[in-house]
Amino acid sequence: MSKLYITGQKRLSGAVTLQGAKNSALPVLAATVLAGGESVLYRCPQLSDVEASLRILRWLGCRAQRSGDTVLVQNDGIARHDVPDALMRQTRGSIAFLGAVLARQGRVRLSLPGGCAIGQRPIDLHLKALRCLGATVRERHGWLDCRAPHGLHGADVTLPFPSVGATESVLLAACTAEGTTTLTNAAREPEIADLAVFLNGCGARIQGAGDSVLQIEGVPQLTGCAHALIPDRIVAATIIACAAVTGSEITLQGVIHRHLAGVLPAFEDAGCVFTAHENELRVTAPPRLRPMKIVRTMPYPGFPTDAQAPLLAAATVADGTTVFMENIFENRYRHTAELARMGADIKTEGKFAVVEGVSRLYGATVEATDLRGAAALVVAGLCAEGKTEVSGVQFLERGYEAPEQVLSSLGADIKKV
Ligand code: EPZ
């Protein structure tokens, strides 16, 4: 397994163009199962999670090839309705195939996606919603067998929690169902709106995406289209955290500012100054960060749970105390133990983490256990005195495209071995 070697305390500078959003690419790739003919995805990031979805598409009978950050999917018919365990386990995003294959084939059989380091990650809300749309669901020995022998039909569905994945499952299952579906308390994340733009481009009739009530009028069939994915707002937040801990001024290119509305105030509290110009965002960090008082992770448009770990890493060297409240996942502080090895002072209790800022971190050998926790360790390594060795880089590469190249281009001393 490869490792990252970082020598900290290097000031960053320059500009970087944001990759396409991982959490948009995964459901949109699953949606190409529904759309006959050719779909072209621009700004599709080169990530192991995305490659895993392309393998599932090929297994199902599509042709999928990549040229740079453009992916072409040719769907001349889906030959199967099952997704093998080996392919399902490679990424959580594979759950998006549940609704898409069920809608297309009238049946889907896939292994339950495992939990992961950040929590159990159940899919009960997905299954409850699919039953409302007419599916029968059987779970046995870790396998899920869903059928809709008479096709799926529109329904009024209300989610008890605005689950991103469950919202995507409903969108994918309802857009070719018989009749109209109203989804209440839908997730409002930009990636949901991006999926709806792709599906509507294929001929679906979805209204309200980005709001908490979606209306989906079923259509007989969908035809592939070309779509440019939105930029990755979590990668943006992570790069901002890298600038924040190194007292740097950098420019992000290809930004959609409103997608960062929940993130920027926390960095502004810490003393970062942002200058927006067209699709660019310049961040200027202070020599030392101020504490952010309290950071609560919330569904969009609140502070995103995926940015908690990178921001927490920045808080470890702020001049005071920051309290984090992780409201979305039940086990998303695994990175704090590794940060403590670098000299951070963090106490976690359930959903709370109390971070006492220290004057500096010290390089150490640390291990990543999940995607955003890995990003937190890189942020910490960039500001630590001395060398940091980060293992578990495969977690980082699930969501960040060539991270060591991006950071090196900004002046960081980072190597992948
Ligand atoms: C998506 O996960 C993202 N993943 C996550 O990003 C992100 O953290 C999350 O949304 C929240 O924004 C992808 O898009 C591939 P949820 P998802 O359903 O769909 C519970 C990253 O780092 N829940 O909104 O799984 C669940 O356990 C990843 O890029 C149920 O209880 O998120 C969690 O506690 C991590 N039952 C909460 O809801 C269900 O049926 C939020 O989950 C579904 C979810």
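Modeller: Start with helix H11 (residues 334-341) and helix H12 (residues 371-383), whose axes are 9 Å apart and pack at an angle of about 20 degrees. Roughly parallel is the label for anything under 35 degrees, so H11 counts as roughly parallel to H12. As for handedness, H11 and H12 make a right-handed crossing. Bear in mind that this is a predicted model.

If you want to click through the contact, the H11 side is His-335, Glu-338 and Leu-339, and these meet Gly-373, Ala-376, Leu-377 and Ala-380 in H12. Sorted by type, the residues where H11 touches H12 come out as 4 nonpolar, 2 polar and 1 charged.

Now hop over to helix H4 (residues 96-105) and helix H6 (residues 164-174). Their axes come within 8 Å and cross at roughly 15 degrees, which makes H4 roughly parallel to H6. H4 goes past H6 in a right-handed crossing. On H4 the contact uses Ala-96, Gly-99, Ala-100 and Ala-103, while H6 brings Ser-169, Leu-172 and Ala-173. In the contact of H4 with H6 you have 5 nonpolar residues, 2 polar ones and no charged ones.

The next pair is helix H1 (residues 22-31) with helix H2 (residues 48-60). Here the axes come within 10 Å and the crossing is roughly 0 degrees, so H1 and H2 are roughly parallel to each other as well. From H1, look for Lys-22, Ala-25, Leu-26 and Leu-29; they meet Asp-49, Val-50, Ser-53, Leu-54 and Leu-57 in H2. That H1 and H2 contact divides into 6 nonpolar, 1 polar and 2 charged residues.

Arg-43 sits in the loop between strand E3 (35-42) and H2. Arg-43 is not a glycine, yet its phi is positive, at about 55 degrees. Most residues other than glycine have a negative phi, and most peptide bonds are trans. There is a backbone spot to look at on the peptide-bond side too: Tyr-300 and Pro-301 are joined by a cis peptide bond, with omega about 15 degrees. Pro-301 belongs to the loop between strand E19 (293-296) and helix H10 (308-315).

Last, the ligand. There are 22 residues around the ligand, and the ones that come nearest are Asp-124, Leu-125, Ser-163, Asp-306 and Ile-328.

Terms used:
Residues are numbered from 1 along each chain as its sequence is written. This is a predicted model: local features need pLDDT of at least 70, side-chain atom pairs count only at pLDDT 80 or more; totals for chains, interfaces and linings use all residues. Side-chain values use heavy atoms; hydrogens and water are left out. Axes are lines fitted to C-alpha atoms, for helices over the stretch in contact, and angles run from 0 to 180 degrees between N-to-C directions. Helices (H or I, at least four residues) and strands (E, at least two) are DSSP runs, numbered from the N terminus. Angles under 35 degrees count as roughly parallel, over 145 as roughly antiparallel, 65 to 115 as roughly perpendicular and the rest as oblique. A crossing is left-handed if the near helix is turned anticlockwise from the far one by less than a right angle, and right-handed if clockwise. Contact means heavy atoms within 4.5 Å. Ala, Val, Leu, Ile, Met, Phe, Trp, Tyr, Cys and Pro count as nonpolar, Asp, Glu, Lys and Arg as charged, and the others, Gly among them, as polar. A residue is near a molecule or strand if one of its heavy atoms lies within 4 Å of it.
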